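Keep the sequence and the 3D view side by side as you read.

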Amino acid sequence: MKRFWIFIIFIGCNKVDQVFDSSTIEFEIPQQVIGKMTRGINIGNTLEPPQVGEWNNEYISEYFFDDYVSAGFNTVRIPIRWDKHTTKEPPFIIASTWLDTIEQVIDWGIERDLFLIINAHHDWWLVNNYDSPQTKERFHAIWNQIAKKFKDKSPKLLFEIINEPHGMSKENVDELNRDILKIIRKNNPQRIVIYGGHSWSNSDHLLSAEVLNDQYIIGYFHSYDPWEFAGKGNGLWGSEFDVNQIKNKFKAVKDWSEVNNIPVIISEFGAIHDCDYNSRMLHYFTYVKEAVSNGFAFQAWDDGGQFKIYNRNARTWPEVKDILIHTYSDSPENFKAQYVNDNQAFLSWKLNENDGNCSKIVIEKSSNSFPFKKISELDYGMTEYIDNSANVVNSIYRVVLICTNDTRKHSNPYKVTR
């Protein structure tokens, strides 16, 4: 593989721009790539507000990508709005400063060997005026410029056509997917392109979308189901019915994926901080477990607000990060920590088949917002534990399996209440 190094000046700083010779790039098919993308996160509400900084967050810093790698993520999805940076009359030029800004962010991720997804996000001017020929021409021009600008970037850069085109009909979105794929392919014949269905891009919308005839595509869907809980914070979640609803949803997508030989990602999911704590932790755990079990890569939604995961300024992570990184298809299930009295909690869980790859069980506890700490180590096979230490109320517990190559397989965290 040939590499060319070009030194340019950007925002007053010397920047090394890694460029690939597109004629020698070796692209893998999506079926190979999906197994490497695995666990990911979004940089939401950052490059897609009308103006940078309007929605909770400041501009992206380079150290974000160091922290993503250190945390264990392989993929970062970067939502981008193009409208406010593009002229409204032909030939619909994207501001060079905006393209350079996006390129800088891309290079930060690629230099750290991450998979990156860039898209067209919250461009409602298109969705609300799709019947206008000039509107279509403008969106086509935007993607033509994106495809040309980044055609020589690493194959780890993926293009997502459009995010949640709510308001466009299925037929409109099918047409848009075909048109934009054709534009991208002029300069990127093998770069992976990600597409979804109409409306809010839920799984049903992907399953009803026209299947694109292309070897280098991945399907995506979003899910904050049920929205009354995950998006509004109402009620509890985690009954057998609740969990089975998610399992059935993912199973339907897997069936579609296998029939059409198209890998799938779930590129947005999550539950807001206002949700009941134990329900919220189980919700994340269930989504990750089902994604891993069905062979989907995932990118959790992180918007710096109610869906915040990464604490950008403090550079710290809450327990949700460990769910995203350490949940496996055979992680401990049905974990609960029940109040017995102020000095005693009863813990129980279910183990899955693991072919003998796990050797011991660690019980971890977090109290008064301190990090989790090991309080006991058990032989593998145990499914109950009693904590007799003081102050169990409002303490958070989790079960960790220690497996081959020091792999840690976590349960969902569970907070004890009276």
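How many aromatic pairs does the structure hold? The count is 23 aromatic pairs. The model is a predicted one.

## Aromatic rings

One of the pairs joins Phe269 and Phe298. Their ring centres are 5.8 Å apart, and the planes stand at 75°. That makes the pair edge-to-face. Phe269 belongs to strand 9 (residues 264-269) and Phe298 to strand 10 (residues 297-300), so this pair ties together parts 29 residues apart in sequence. Phe269 has 1% relative accessibility, so it counts as buried. Phe298 is buried as well, with a relative accessible area of 1%.

Aromatic residues also gather in a cluster. Tyr59, Tyr63, Phe64, Phe65, Tyr68, Phe73, Trp108, Tyr310 and Trp317 make up one such group.

## The nonpolar cores

The largest nonpolar core has 89 residues. Phe65, Trp82 and Leu324 touch the most other members. Helix 10 (residues 277-293) gives the most to this core, contributing 8 residues. A second, separate core has 18 residues. Its members include Phe335, Leu351, Ile363 and Val399.

Take a closer look at Trp82. Beyond its neighbours within four places in sequence, Trp82 is in contact with Ile94, Trp98, Leu99, Ile102, Asn119, Ala120, Asp123, Ile142 and Ile146.

## Around Ile146

Now turn to Ile146, a residue of helix 5 (residues 133-149). Is Ile146 buried or exposed? Its relative accessibility is 0%, so Ile146 counts as buried. Setting aside neighbours within four places in sequence, its contacts are Trp82, Ile94, Ile118 and Phe159. Leu99 sits 47 residues away along the chain, yet the C-alpha atoms of Ile146 and Leu99 are separated by 8.0 Å.

## Salt bridges

Side chains of opposite charge can pair when their charged atoms come close. The structure holds 32 salt bridges. One of them links Asp107 and Lys153, with the closest N and O atoms 2.8 Å apart. Asp107 lies in helix 3 (residues 96-110), and Lys153 in the loop between helix 5 and strand 6 (157-160), so the bridge ties together parts 46 residues apart in sequence. Both ends are hidden: Asp107 counts as buried at 2% relative accessibility, and Lys153 counts as buried at 3%.

Another salt bridge joins Glu210 to Arg178, with the closest N and O atoms 2.6 Å apart. This pair links distant parts of the chain, 32 residues apart. Glu210 is in the loop between helix 7 (203-208) and strand 8 (217-223), while Arg178 is in helix 6 (residues 170-187). Glu210 is partly exposed at 32% relative accessibility. Arg178 is partly exposed at 37%.

Lys321 and Asp322 also meet in a salt bridge, at 3.1 Å from N to O. Both residues are buried. Shared partners build a network elsewhere: salt bridges join Asp100, Glu103, Asp107, Lys149 and Lys153.

Strands of a sheet pair through backbone hydrogen bonds, either parallel or antiparallel. Which order do the strands of the open sheet have? The order is 11-12-15, with antiparallel pairing. Strand 11 (333-341) and strand 15 (384-387) are the edge strands, each pairing on one side only. Neighbouring strands are turned by 15° against each other on average, direction ignored.

Strand 12 (residues 344-350) is joined to strand 15 by 4 bridges. Here Phe346 stands opposite Ile386 in strand 15.

## Backbone details

The bond from Pro90 to Pro91 is cis, with omega near 10°. Pro91 is in the loop between strand 4 (75-78) and helix 3. The bond from Asp225 to Pro226 is also cis, with omega near -10°. Pro226 is in the loop between strand 8 and helix 8 (227-230).

Next, look for positive phi values. Thr38 is not a glycine, yet its phi is positive, about 35°. Thr38 is found in the loop between helix 1 (30-37) and strand 3 (39-42). At 26% relative accessibility, Thr38 counts as partly exposed. His122 has a positive phi too, near 60°. Its place is in the loop between strand 5 (115-119) and helix 4 (124-127). Why does His122 count as buried? Its relative accessible area is 17%, and buried means under 20%.

How values were computed
Residues numbered from 1 in each chain as written. Predicted model: local features only at pLDDT ≥ 70, side-chain atom pairs only at ≥ 80, totals over all residues. Heavy atoms only, no water. Helix = DSSP H or I, 4+ residues; strand = E, 2+ residues; numbered from the N terminus. Buried < 20%, exposed > 50% of the residue type's maximum accessible area, 1.4 Å probe, protein only. Contact = heavy atoms within 4.5 Å. Salt bridge = Lys/Arg side-chain N within 4 Å of Asp/Glu carboxyl O. Pairing = 2+ DSSP bridges. Axes fitted to C-alpha atoms, helices over the stretch in contact; angles between N-to-C directions. Core = buried A, V, L, I, M, F, W, Y, C linked by side-chain atoms within 4.5 Å. Phe/Tyr/Trp six-rings, centres within 6.5 Å; stacked < 30°, edge-to-face > 60°.
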